[in-house]
Structure formats: structure tokens, C-alpha cells
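Look through the sequence and the model first. The paragraphs below then go through the two chains, the place where they touch, and a few single residues.

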Amino acid sequence: MSVDLFVSALIAGILLGGFYAAVTVGISISFGILDIVNIAHPAFIILGSYTAYILNAQFGLDPIVVGIIALPAFYALGALIYQVYYVSFEKRGKESMTGLAFFFGLLFVTEVLLILVFGVDYRYVQASYIDTNLGKFLGSTALPALLADLPMRMLVPCVMSIAMFAILLLIVKRTFVGRAIMAVSQDALALQLQGASPVRIKRIAFAISIATAALAGAFLIIIQPVEPSVGREYIGRVFAICVLGGMGSLPGTLVGAMLLGIIESLTATFYGPSWAPAVSFGLLLLTLAFKPSGLMGR
Amino acid sequence: MKRGMTSWMFALIACAAGALLFFAARSAGNDYVFFAGYTILQYIVLATAWNILGGYTGYVNFGSAAFFAVGAYTTVFFHKIFPLPIPLLVIAAAVASGLVGLGMGYLTLRLRGAFFAIATLALAVVLQTLIVNWSFVGGSRGAYVIRPATVYPFDSYIQYLFLIMLVLVIVALTTARAIERSRLGYGFATIRDDELAAEASGVPTLKLKLIATALSGAFMGMAGAPFPYYIGFLHPSGAFGLEYTVNAIAMPMIGGTATWIGPLVGAVLLGTLQQVAIVTISSAVNLLLVGLLLVGFVILAPNGLVGVVRNLLRKRPGAQP
């Protein structure tokens with residue numbers, strides 16, 4: 001095992017991990033905090049990717065700008081889905097099995113609709129920074145080779161992901177709504193007695209979780225070309241990270257994402273990329289079997 | 001719960017109905033009937049198998065395709081080393097998939113519902129990765145399984161496959177119905193309704209859940225065992241196809257998960273609908289249809305068609321409750 005190869009795989013893993021954090025944070029909110037098993041989340045991420053693709057191809061908008069523009073639309077979509085979920089399942093107290101089937105159906109319908117509209121061809125976006133590395137992008141030769149070789153295609157999503165993550169963490173820790181979201185996960189009745197509506201708070205939280213998919217989808221299509229069924233690979237990843245980091249813990253999600261990114265990158269480098277998908281799922285199965293509370297669980 | 005007839009009587013009647021179906025299909029004089037019918041029968045077995053775990057104990061399995069594929073790849077494996085007759089392959093597949101189900105249960109069933117569901121999703125991807133990297137059974141390139149032109153006393157090989165699947169349907173339905181009326185079934189129901197209370201009252205929940213996962217997995221594997229002979233060329237993305245997972249969930253949900261009739265009704269209706277849609281529209285639209293029906297039914301009729309019919313009967317004045 002050469003040290004250079006190891007170090008570059010490690011760095012690639014960290015960049016990948018940053019992006020995984022953005023992909024997972026939505027699940028951490030919906031599944032970890034609200035206890036809503038939204039297995040359709042990866043499908044909404046792919047929806048975000050296609051939104052970025054359409055506006056990029058039509059108007060040449062930067063994919064990340066598209067992600068930000070699309071936030072309100074995805075927020076509204078999330079609020080709508082929660083309302084349906086609440087009326088149909090949560091209120092009836094039957095959320096476990098039929099609720100799961102509902103989200104599974106949503107995942108499936110979204111994927112098939114995308115296939116019907118766009119086909120199964122891979123789509124990609126264009127932006128000035130995608131096909132270059134940090135050294136060329138900054139035009140400086142003073143950087144050490146290790147930094148200069150960092151691909152911008154990975155670096156930009158990673159940095160933006162961490163920024164998004166930090167903002168979400170601030171919202172949850174510092175604002176009234178954020179604290180109410182944490183409160184509703186701990187004791188909805190107590191929150192109600194304080195005069196806040198748990199349903200409204202959960203709707204806001206779920207809508208935020210879906211809104212993150214708009215940005216995560218934009219990041220995804222910067223990193224790799226996207227076709228509708230790519231989302232399936234991410235189902236295992238997001239839940240693996242969420243469970244590994246500890247349910248409902250946002251810092252835990254970041255740690256879990258970094259860990260998975262690094263392990264996957266090392267596996268792909270030393271054993272071949274065809275084994276990479278099994279890593280996350282294997283890790284998930286092992287975590288569930290041996291340490292279901294995760295690394296930083298509540 | 002009604003006692004009604006014994007399982008032996010039920011099996012006998014099912015056999016008679018099956019024989020009738022077989023000869024009716026033969027009288028059509030066209031092998032297409034058998035090709036389409038095989039798919040529907042296969043879905044009845046899958047849906048019934050899913051319901052043994054999902055409907056009776058309330059644990060959702062998103063990995064049906066994985067169990068199905070384990071069955072199919074057991075056949076490919078034996079085809080490479082020592083070709084066995086299909087009935088023996090079905091038994092081998094049942095053992096392999098049943099063991100996978102048991103292992104799956106051991107790993108995750110101490111956790112509650114949602115985790116189990118996610119873990120089954122994970123299992124499907126892990127198994128698919130293993131198969132893709134296992135070149136002996138064809139790896140990512142897939143494997144050819146040449147089927148004989150015909151088997152004595154059948155007119156064509158597809159009739160033989162159809163009959164095997166028909167027998168599996170009868171076995172699966174009889175088993176599911178027998179479970180419903182047994183101590184095992186009542187045990188399953190306590191897990192579905194309140195696992196904590198069941199455990200506190202001395203129901204051996206872990207043991208029961210392991211029985212359910214192993215049984216459910218074994219039937220899914222049995223449904224997959226003849227598949228390589230049906231399709232002729234098996235590749236990982238076909239065997240692990242999402243349509244098996246979706247249908248295995250959608251069919252019981254649409255039919256109704258409380259009794260063995262639900263998956264049967266759901267599989268026959270949805271299976272027929274899909275056969276028609278594939279021929280007349282396209283396979284993508286056909287999958288969309290299944291997804292939309294699934295979402296629609298869980299929102300509007302969570303007890304499925306059986307529940308809808310039961311409600312209608314109950315509302316009619318003078319009807320038996």
C-alpha cells in the first residue's frame with residue numbers, strides 16, 4: 001500500500017464525506033428527529049438534480065444558484081407531503097406500516113416519472129469550475145501539489161455542504177423554531193402545553209428536510225452525471241450515516257458522513273469501485289446489529 | 001376468527017381449482033397464456049410470502065427482490081455444477097432464502113419496525129454487490145440457462161414451469177391460511193398489534209419473528225427458483241429488479257394484508273393489469289401505475305380491497321357483521 005495513494009484516497013473520502021453530510025441532513029431531520037421514515041428522500045434529491053439540470057441547460061444558471069432558487073418550491077413540496085402524511089397516517093395512529101409503504105410508493109413514483117420524462121440517459125450540468133482543480137482555478141502555482149490537485153468538482157459541493165450544514169445547525173440551536181423542533185421530538189405533549197402546535201412545528205421541520213434536497217441534488221449533479229435510479233444507491237448511504245452517527249444528532253451526522261466517505265473511498269481505491277455500494281450497507285447492517293444507538297446517539 | 005374447513009380440505013379444493021385452471025389454460029391452445037399466467041402465479045407466491053411477515057407480524061420487508069434473486073441464483077449455481085430437476089431446485093432455493101431470512105432476522109429483529117425495513121433495503125444491495133462480483137454465477141455479465149425444449153408429458157416446457165408455479169401457489173396459500181388459524185398466527189398478530197405487551201405476557205416474540213422471516217424468505221426463494229429457466233438469461237439487475245420489491249408490497253397492500261385472500265386478490269388484479277399494460281402501453285407506465293395505486297390505496301383504503309368489501313357488507317342492513 002503506497003502512502004501517496006492512501007493520502008489521496010483519504011482526502012477524496014473527506015470531500016465525499018462533506019457531500020454525504022448534505023445528502024443525509026434531510027433524513028437526520030425527518031427520520032432522526034421527527035421519527036418519519038422518509039425513504040423517499042433520495043428520490044427528492046434526484047428531483048433536485050434534475051431541477052438543476054433543466055435550469056442549467058435552459059438558462060445556463062449555476063447549479064448551486066438553482067439549488068438556492070428552488071429552496072422555497074421544495075419547502076412547499078415538503079409541507080404538502082407532511083400534510084398528507086399527517087392526515088392519512090399520523091392522525092390515525094397507523095403510521096408504521098402503511099406510512100412506510102406510502103413513502104416507498106412516493107420514491108417509486110418519483111423515479112418512474114423522471115424516467116418517463118427524461119429517459120434513462122445520464123444528465124450533467126456545466127459550470128466553469130467543474131472540469132478543473134484548485135490549482136488551475138486559483139491560477140496560483142504556489143500551492144503544494146496535494147492541494148493544487150484537489151478537483152473543484154468535489155471541493156465546491158463539499159464546502160457548500162458544510163456551509164449548509166452549519167446554517168442548519170444554527171437554526172436548530174439558536175432560533176425558536178429550531179428549539180421547538182428538538183422539543184417536539186422529545187415530548188410533543190409538553191410542547192403543546194407550552195402553546196405551540198406540534199403539527200405545525202413538525203410540518204416546518206419536514207419541509208426544511210425536503211428543502212435540503214434541492215441543494216443536495218444540485219451538489220450531486222456537480223459531482224457525477226445523474227440518471228433517475230441513482231437515488232437508490234443513496235438510500236443505504238443516508239440511513240447508514242444517520243444510524244451510524246446517532247439518530248437525531250446533527251453533529252453525529254457530520255461525523256458519520258465523513259466516516260462513510262473515507263471508508264468508501266479507501267475501499268474503492270484498494271478493492272475496486274464495484275465493492276463500494278456494499279460498504280455503506282454492510283456498515284449499516286453492522287451498526288444496526290451491534291450498536292443501534294450510533295456513535296453520538298441521544 | 002372463523003374455524004371453517006380444515007387445511008387439508010382447503011388444499012384439496014385449491015388443487016381442484018388449480019387443475020381446472022391448468023386445463024382451461026391448455027384449452028386456449030396458445031403458450032402465451034402460460035407465459036403471462038406464470039408471471040401472475042409467481043406474483044401470488046411473492047405477495048403471499050411478503051404478507052406472512054408484513055401482514056401478519058407488521059414488519060415491512062423492502063428486500064423481496066433479494067430473496068427472489070437468492071432463489072434464482074441457487075438455480076444458476078446448481079445449473080453450473082450439477083443440473084437438478086426443478087422441484088429439487090425449489091427446495092434448495094427455499095433452504096438458501098430461508099437461511100438468508102433467518103440471518104437477516106437475527107441481525108435486526110431486536111430492533112423495532114423501521115430499522116428492520118431499512119436493513120432489508122440494505123440487504124438487497126449487499127447481496128446484489130456480492131452477486132455482481134461473483135463470476136462463477138455470471139457476475140455482472142449474467143448467466144445463460146438453456147431450458148430443454150420440452151419435458152414428458154407436457155406439450156412444452158413453459159407448461160411444466162406453469163404447473164410448478166401453480167403447485168407453489170397452492171402450497172403458499174394453504175400455509176398462509178393455516179398460519180392464520182393456528183397458535184402461530186395468533187402469536188404473529190400479538191406482535192403486530194402490540195409487541196411490547198406481547199413480550200410482557202410471555203409471547204416468545206423473537207422466536208416467532210424469526211419463524212416469520214425464515215418462512216417468508218423461503219417462499220420468496222421458491223418463487224425465484226424456476227425463474228432462470230423461464231427467462232433463459234439471468235443478470236443481476238434483472239433478478240434484483242425493483243418491480244419484484246414493489247409488487248410484493250403493493251399487491252398485499254392493495255388486496256388487504258389481514259388475510260390470505262388479500263395478497264391473492266391483489267396479485268391477480270395487479271398482475272393481470274400489468275400484463276395488459278405491458279402489451280398495450282409500456283413497461284415504464286405500467287410501473288408508474290403500480291406506484292400510484294400503492295400510494296392511493298394506503299391513503300384512501302388502508303385495509304385494501306378486502307377491507308373495502310367488508311365495510312360495504314357491514315353497512316348493509318341485516319348483513320352478518
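Two residues are in contact if their C-beta atoms, placed from the backbone, lie within 7 Å. With that in mind, take L46(B): leaving out residues up to four places away in sequence, L46(B) touches S64(B), F68(B), M220(B), A223(B), Y244(B), N247(B) and A248(B). This is a predicted model, in which local features need pLDDT of at least 70, side-chain atom pairs count only at pLDDT 80 or more, and totals for chains, interfaces and linings use all residues. Residues are numbered from 1 along each chain as its sequence is written, while chains are lettered from A and ligands numbered from 1 in the order in which they are written.

A residue is buried if 20 or more other C-beta atoms lie within 10 Å of its own, exposed if 12 or fewer, and partly exposed in between, with C-beta atoms placed from the backbone. A nonpolar core is a set of buried Ala, Val, Leu, Ile, Met, Phe, Trp, Tyr and Cys residues joined through C-beta atoms within 7 Å. The largest such core has 201 residues, and V45(B), L46(B) and A69(B) have the most contacts inside it. Helix α11 (residues 198-223) of chain A gives the largest share of this core, 16 residues. Helices (H or I, at least four residues) and strands (E, at least two) are DSSP runs, numbered from the N terminus.

Chain A has 14 helices and 0 strands. Its radius of gyration (taken over C-alpha atoms) is compared with the globule rule, 2.2 Å times the number of residues to the power 0.38. For chain A the radius is 19 Å, close to the 19 Å that the rule gives for 298 residues, so chain A is as compact as a globular protein of that length. Of those 298 residues, 49% are buried.

Chain B contains 14 helices and 2 strands. The radius of gyration of chain B is 19 Å, close to the 20 Å from the globule rule for 321 residues, so chain B is as compact as a globular protein of that length. Buried residues make up 50% of chain B. Among contacts in chain B with a separation of 6 or more, 79% are between residues 24 or more positions apart.

Where do the chains meet? The contact takes 33 residues from chain A and 33 residues from chain B. On the side of chain A, α4 (71-90), α5 (95-118), α12 (231-245) and α14 (276-290) each supply at least two residues. The largest share of that side, 15 residues, comes from α5(A).

One of these helices, α12(A), has 15 residues, of which 13 are buried. From first C-alpha to last α12(A) reaches 21 Å, close to the 21 Å expected at 1.5 Å a residue; the expected span is 1.5 Å times one less than the number of residues. Just after α12(A), G246(A) takes a positive phi of about 110°. D35(A) has a positive phi of about 65° although it is not a glycine. D35(A) lies in the loop between α1 (3-33) and α2 (41-59) of chain A, and is partly exposed, with 15 other C-beta atoms within 10 Å.

Last comes confidence. The pLDDT is the predictor's confidence in each residue, from 0 to 100. Chain B averages 87, and 96% of the residues score at least 70. The predictor gives the complex an ipTM of 0.84 and a pTM of 0.87.
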